[in-house]
Amino acid sequence: QTNIMSVVKLSPLFFMHVLNRNSNLTHVVRGPTRHTLLTDEVIVLPPQHMITIGPHQYALIENPVKRTEDGNLVRDDNGQVLLRHGDKEVYFHQPPFPLYPGQNLVGQVRELRVVPANNALLLCATRDFIDRYSVDEHGTPLVRKAGDEWLFQGPRTYLPQAEESVVETVQATVIRRNQALLLEARRDGVDYLGRPRLAGEQWLVKQPGAYMPAVWEKVIQVMTAFVMTEDIGAHMIALSEFVDQFGHRREPGDQWLITRKDAEEFIPDVQEKVSNFVNLTVLSDRQFCVIENPVVDGRAQIGTRVMVRGERRFFLRPGEKIEAARGVCQVPVLDQNHGLQMRALQAFNDESTTTKPVARRAGDRWYVWGPREYWPPLEAEIVGSVTFGQYFARRALVPFLLVTLLHLLMQLVCRLAGLTYPVGDWGAQIVLLALILNAVRVYLYA
């Protein structure tokens, strides 16, 4: 620039850069002063206010000056201040200072960040350096490698370093009563209990309070406990081999039942999951049901059935189900004029009769008559109900028709042979006798 003014007045806390065109050197002029420009000097940086950093502020300077161990500036043979070109340095509270030729203020003077409690800053090293504010258990400053990440936890003031960057702000997750925090390892590490974790592994943190996840931990979700009531149970399935919170060893694929007797509040581990919830089955003293695939000694007996009579209260275990064809049944109460037609599903000894046990074969049908209450056996099914009149008509109709047909046939034969058929004498007696005998047979062999 062409020098217009030969005299420049600088106020306190101001500075400017003046270039000597003969030596091609630039020097800093600080105020307060009255500077007279020589004919070979030119102002290359107009008067500017010095960099002022307050007690709770910082500034990032590009191309900082070199200093000795005592803090003095390092100059070359020409008296120029040497700079660390391409580097950056954070300046904190100090007396106002000028920028030397080649230096730049990155952005503005900024306020220091206060990290509150239950908060943290996720920091990442942009290059290898020695951390000025962190030490190990022996008091030695930590050596950070490029790409390292760590947490700066509050409550305290964060003093930035040029070799690191703030990735994000992390908040602690509050774990309340009946809650658990599901975590996943981003990489191999050791959790807060000292247990080694592998990358991709998941686990639960159940301790109430604020939990700050480590840099290698990822928060998946906050899980709320299932509240177990008297009439609700949970079917569980094991996803891998583990020992559950009740001390039972589970193999992959194992299924079991959890009720209020086991726990009033329940949070599944990561090695297990709730397959479904089941309601309490209540049978009165007049009800029964058939359970398919009953569980015996912790194992489902596939293909078998068992009858459960009331009064009972129970939960269906995993794999068990109530026979759909019957469901929960009421015990049939038969009076003297009603009965049930039964059919055997398999061979068995029927002990439900009022007399001695009867051997039944698969497919056999029989009738059960009142008055009585009848608990049907497991090996049989109820085909339908019938009254005694219906039953008698059904069983007596065929013999009656046969006797009548025989009676008509005898009349026809006698007429063709020219003989007299004594209908009023013994023919009607034959019909009546057949009906009486059939009725007796029905009553005795029902």
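1. **Basis.** The model is predicted: local features need pLDDT of at least 70, side-chain atom pairs count only at pLDDT 80 or more, and totals for chains, interfaces and linings use all residues. Residues are numbered from 1 along each chain as its sequence is written, and side-chain values use heavy atoms, with hydrogens and water left out.

2. **Overall make-up.** The chain has 2 helices and 46 strands. Both are DSSP runs numbered from the N terminus: helices are H or I with at least four residues, strands are E with at least two. Of the 446 residues, 36% are buried. Buried means under 20% relative accessible area, exposed means over 50%, and partly exposed lies in between (1.4 Å probe, protein chains only).

3. **Surface and contacts.** Among contacts with a separation of 6 or more, 64% link residues 24 or more positions apart. Contact means heavy atoms within 4.5 Å.

4. **A sheet of 3 strands.** This open sheet has the order β15-β12-β17, with antiparallel pairing. Its edge strands are β15 (149–153) and β17 (164–171), each pairing on one side only. The twist averages 30° from one strand to the next. Axes here are lines fitted to C-alpha atoms, for helices over the stretch in contact, and angles run from 0 to 180 degrees between N-to-C directions.

5. **The β12 to β15 pairing.** Strand β12 (residues 119–125) is joined to β15 by 5 bridges, and the two run antiparallel. Two strands pair if DSSP finds at least two bridges between them. C124 stands opposite E149 in β15.

6. **Q103.** This residue lies in the loop between β9 (94–97) and β10 (104–111). Q103 is buried, at 8% relative accessible area. Its side chain reaches the backbone nitrogen of Y100 at 2.8 Å and the backbone oxygen of N63 at 3.4 Å. Beyond neighbours within four places in sequence, the contacts of Q103 include I61, P64, L83 and Y91.

7. **Cysteines.** The count is 0 disulfides, a disulfide being a pair of cysteine sulfur atoms within 2.5 Å. C289 is buried, with a relative accessible area of 1%. C329 is buried too, at 16%.

Note on methods
A polar contact is a pair of N or O atoms within 3.5 Å; within protein, one must be able to donate a hydrogen and the other to accept it, and residues adjacent in sequence count only if both atoms are side-chain atoms.
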